[in-house]
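Please open the structure in a viewer and keep the sequence at hand.

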Amino acid sequence: MPELKADDTILLVDDFTTMRRIIRILLTKNGFENVIEADDGHSALERLKTGEVRLVIADLTMPRMSGAELLATVRENEQWSSLPFLLMMTEQERTDGGDHYADAQTGVIVKPFTKEILAQRISTLYA
């Protein structure tokens, strides 16, 4: 898969505004400026319909539609099935089985994380 470029669109999905702001800052520090946001899985699906998203970064636990449900919906859709997806979770969620989401197109990242860890996880998805 081609490398994620600085001007590619990243969809950031988290129900907490503050968390989206923090992650947006980390993405900006890694050179990614084109970030669009959604506060749950339902609104993320609407954003995905634009066809411009090259990476989804979503929280595992959200109301209305969780990150796991969003991931399942994305993988079931022929248009989005190979879209790189980074699922954010707590250490406890990872310990409770969150690693089972990881595959070639899906990475797992444990909150809190640094800009370096975020960059590494993103580059792994595009390797």
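Begin by selecting Thr-106 and Arg-75: in this predicted model, their side chains make a polar contact of 2.9 Å. Thr-106 belongs to strand β5, which covers residues 106-110.

Is Thr-106 buried or exposed? Its relative accessible area is 2%, and Thr-106 is therefore buried, the limit being under 20%. Now display its surroundings. Leaving out residues up to four places away in sequence, Thr-106 touches Leu-71, Arg-75, Phe-85, Tyr-101 and Leu-125.

Keep Phe-85 selected and turn to the largest nonpolar core, which has 23 residues. Phe-85 is among those with the most contacts inside this core, together with Leu-11, Val-13, Leu-48, Val-56 and Leu-70. To see where the core comes from, colour β1 (9-13), β2 (35-38), α2 (41-48), β3 (53-59), α3 (67-76) and β4 (85-89), the elements that each give two or more residues to it. The largest share, four residues, comes from α3.

Next, select Leu-11. Which residues is Leu-11 in contact with, its neighbours within four places in sequence left aside? They are Ile-36, Glu-37, Ala-38, Ala-44, Arg-47, Leu-48, Val-53, Leu-55, Val-56 and Ile-57.

Finally, move to Ser-82, in the loop between α3 and β4. Ser-82 is partly exposed, at 39% relative accessibility.

Conventions: Residues numbered from 1 in each chain as written. Predicted model: local features only at pLDDT ≥ 70, side-chain atom pairs only at ≥ 80, totals over all residues. Heavy atoms only, no water. Core = buried A, V, L, I, M, F, W, Y, C linked by side-chain atoms within 4.5 Å. Buried < 20%, exposed > 50% of the residue type's maximum accessible area, 1.4 Å probe, protein only. Contact = heavy atoms within 4.5 Å. Polar contact = N/O pair within 3.5 Å; in protein donor to acceptor, adjacent residues only side chain to side chain.
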